[in-house]
Amino acid sequence: NAIANQLRYPNSHTHYFSSAILSLFQAAGDKDLIREQITRVLIERLIVNKPHPWGLLVTFIELIKNPIYDLWRHDFVRSCSEIEQLFQSVARFCLPQGTPAGAPGGGESLGVQAAQ
């Protein structure tokens, strides 16, 4: 939660913490609990009213679009239909071009570079 507070406007500080969150997500190995907690913190911040910090959006978009993180295959995303719909709704908000890549019925995977 404290790391997510650092996802603000475009600068090296935001890039560092965005990379840290994405690295923690990837390095979690078979520990879905860690991935679920990271995703939950990001989702909680995205379902509130706008405006959303730039770094938060970039980090979440990278998480849902980059096949390295493979967010859509984890069980916590599909634990119940309401949660799956919430994820798809937030992903559609972040990716206005269409259905999120890797999601059920999703488009092609494009991959987004993290904030640099």
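I began with a definition: a salt bridge is a side-chain nitrogen of Lys or Arg within 4 Å of a carboxyl oxygen of Asp or Glu. The model is a predicted one, where local features need pLDDT of at least 70, side-chain atom pairs count only at pLDDT 80 or more, and totals for chains, interfaces and linings use all residues. Residues are numbered from 1 along each chain as its sequence is written, and side-chain values use heavy atoms, with hydrogens and water left out.

**Entry: salt bridges**

How many salt bridges does a search of the whole structure find? I got 3. Side chains of opposite charge can pair when their charged atoms come close.

I looked up Glu 44, which pairs with Arg 40, their closest N and O atoms being 2.9 Å apart. Both sit in helix α2, 4 residues apart, about one turn of the helix. (Helices are DSSP runs of H or I, at least four residues, numbered from the N terminus.)

Next I checked accessibility: buried means under 20% relative accessible area, exposed over 50%, and partly exposed in between, with a 1.4 Å probe and protein chains only. Glu 44 is partly exposed at 39%, and Arg 40 is partly exposed at 43%.

Then I found Asp 32 with Arg 35, closest N and O atoms 3.7 Å apart. These two are also in α2, 3 residues apart, about one turn of the helix. Asp 32 is partly exposed at 26%, but Arg 35 counts as buried at 6%.

My last pair was Asp 70 and Arg 73, at 3.2 Å from N to O. Asp 70 is partly exposed at 34%, while Arg 73 is exposed at 51%.

**Entry: helix α1**

I checked the length of α1, residues 12–27. The expected span is 1.5 Å times one less than the number of residues. For 16 residues that should be 22 Å, and the end C-alpha atoms are 22 Å apart, so the two agree.

Which residues of α1 are buried? I listed Thr 14, Phe 17, Ser 18, Ile 21, Leu 22 and Phe 25. What covers the buried residues includes α2 (32–46) and α3 (54–65), contact being heavy atoms within 4.5 Å.

After α1 I noted Gly 29, whose phi is positive, near 65°.
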